[in-house]
Amino acid sequence: MSNSDKRRRRILHIDMDAFFAAVEEKRNPVLIGKPVVIGGAGDPTKRGVVSTANYEARKYGVHSAMPLRTAYKLCPQAVFLPVDFEAYEAASRQFKSVLLNITTIMEDVGIDEAFLDISDEPDTNEAIVERIKSGIYEKTGLTCSIGIAPNKLLAKIASDMQKPNGLTILTESDIQSKLWLMPIRKLYGVGPKTEEHLKKMGIETIGQLAALSSQNLVRNFGPSYGEYLYEASRGIDNSPLVTHWEPKSFSRETTFQVDVKNWQVIARTIAELTREIVSDMARRGYHARTVTLKIRFDNFHMITRATTIEEYCASEEKIRKAAFACLKRVDLIRKVRLIGVRVTNLEKVEIEARQV
Ligand code: TTP
Ligand code: MG
């Protein structure tokens, strides 16, 4: 990517407003205007934490991750509701379908947020935002906040600057005048520990962080995180959007033409399935730790056995041995109809490591 391309990047970040609470209010408008707290089983006398609270409840100090009991003490008159993931997932799919109508260069970050790369769209920022906001409102009745900036880092900060139903556009010239005035905690990647560390160094704002030398940051935070803080505090972020889904598992299975009792055939089949899985893993660049063997008997009874390897690996031999360890724990008293092997507990292999 040339420098001029980088300058022209237009990245949009969208984050839904009080998402779970907004979905609940939409389907039960009686809730509108009342404080609403969503979490656990919806019973504030029981264990559980707040998933989210609507803006009315937030006025009482209720926030995500707080114990429900604390939320009840702060705001006993709130309506407490259980988490209904299916409803939120459905609304999530609906608003993301509106985004995909704008461009397919979308990074799905979570249930209520996403990035879009709108660099090549002919429309203005405002026109795109209008299409997104009205499209989402028509489909779901929900509102969102949007940030647009030259990169993901700044776009995410921007979407949080005016909530709810906001639009914030940040350009490079806002780095000094806006980003540098913000508290360090607003910088993506700065959690409570780093915040404490930086405060001990006398650093409270992103601007003060940007005044530190990279050597100083590397000394305090190590080479990779130190360099990250150096660049991020300057609003620099060249990371691309990740538009493809990361797999959660690789699996293969075979149904025999004729049910099998012969151990040799079963073992050979497991070895073949493992070889195919290992080749899939290599192509996508993954290591795995857990191997699960699935066997369906001729009476359709199915069993699974899993083995977790000590370290992540992509070695055909180790994964095959783990699958055989599973097989040893199966009582092969009946004929086998189907065999499946699955690896889970995946880790993406670093590109440098893959080139070796
Ligand atoms: P957020 O976008 O962080 O919060 P929000 O959408 O409720 O409110 P805001 O208007 O400030 O964006 O998270 C999105 C959803 O994810 C939220 O509705 C509930 C869920 N969630 C949890 O379950 N636990 C948590 O700790 C957080 C932060 C969110
Ligand atoms: Mg949100």
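**Figure 1. Packing of helices H5 and H6.** Helix H5 and helix H6 (residues 125-140) pack with their axes 9 Å apart, at an angle of about 150°. The structure shown here and in the other views is a predicted model. Because angles over 145 degrees count as roughly antiparallel, H5 and H6 are described as roughly antiparallel to each other. Their crossing is right-handed. On the H5 side the contact involves Ala91, Gln94, Phe95, Ser97, Val98, Leu99, Asn101 and Ile102. These residues meet Ile128, Arg131, Ile132, Gly135, Ile136, Lys139 and Thr140 of H6.

**Figure 2. Packing of helices H2 and H5.** Helix H2 (residues 19-27) packs with helix H5 (residues 85-102) at an angle of about 95°, and the two axes are 10 Å apart. The range for a roughly perpendicular pair is 65 to 115 degrees, so H2 and H5 are roughly perpendicular to each other. H2 contributes Phe19, Phe20, Val23, Glu24 and Arg27 to the contact. From H5 come Phe85, Ala87, Tyr88, Ala91 and Ser92. Ala91 of H5 is also among the residues that meet H6.

**Figure 3. Packing of helices H11 and H12.** Helix H11 (residues 214-221) and helix H12 (residues 223-232) have axes 7 Å apart and pack at an angle of about 140°. H11 and H12 are therefore oblique to each other, and the crossing is right-handed. The contact is formed by Ser214, Leu217, Val218 and Phe221 from H11. Its H12 side consists of Pro223, Tyr225, Gly226, Glu227, Leu229 and Tyr230.

Figure 4. Asp15 (OD), Met16 (O) and Asp112 (OD) coordinate the magnesium ion at 2.0 to 2.2 Å. The spacing of the donor residues in sequence is D-M-x95-D. The pair Met16 and Asp112 links distant parts of the chain, 96 residues apart. Met16 belongs to strand S1 (residues 11-16), whereas Asp112 sits in the loop between strand S5 (106-110) and strand S6 (113-117). For six octahedral donors the ideal angles are 90 or 180 degrees. Buried means under 20% relative accessible area; Met16, at 1% relative accessibility, therefore counts as buried. Asp112 also counts as buried, at 15%.

**Figure 5. Surroundings of Arg9.** Arg9 is located in the loop between helix H1 (3-7) and strand S1. With a relative accessibility of 9%, Arg9 counts as buried. Arg9 and Ile118 are 109 residues apart along the chain, and their C-alpha atoms are separated by 7.7 Å.

**Figure 6. The loop between helix H7 and strand S8.** This loop, between H7 (152-159) and S8 (167-169), contains Pro164. The peptide bond from Lys163 to Pro164 is cis, with omega near -5°. Asn165 lies in the loop between H7 and S8 as well. Asn165 is a residue other than glycine with a positive phi, near 55°. Its relative accessibility of 46% makes Asn165 partly exposed.

**Figure 7. Phe300 in the loop between strands S10 and S11.** The loop that holds Phe300 runs between strand S10 (286-297) and strand S11 (302-313). Although Phe300 is not a glycine, its phi is positive, at about 75°. Phe300 has a relative accessible area of 48% and is partly exposed.

**Figure 8. Contacts of Val242.** Val242 is placed in the loop between helix H12 and strand S9 (250-260). The relative accessible area of Val242 is 36%, so this residue is partly exposed. Leaving aside residues up to four places away in sequence, Val242 touches Met106, Glu107 and Asp108. Val242 and Pro192 are 50 residues apart along the chain, with 26 Å between their C-alpha atoms.

Terms used
Residues numbered from 1 in each chain as written. Chains lettered and ligands numbered in written order. Predicted model: local features only at pLDDT ≥ 70, side-chain atom pairs only at ≥ 80, totals over all residues. Heavy atoms only, no water. Donors = N, O, S within 2.8 Å, 3.2 Å for Na, K, Ca; no water. Helix = DSSP H or I, 4+ residues; strand = E, 2+ residues; numbered from the N terminus. Buried < 20%, exposed > 50% of the residue type's maximum accessible area, 1.4 Å probe, protein only. Axes fitted to C-alpha atoms, helices over the stretch in contact; angles between N-to-C directions. Parallel < 35°, antiparallel > 145°, perpendicular 65-115°, else oblique. Left-handed = near helix turned anticlockwise from the far one by under 90°. Contact = heavy atoms within 4.5 Å.
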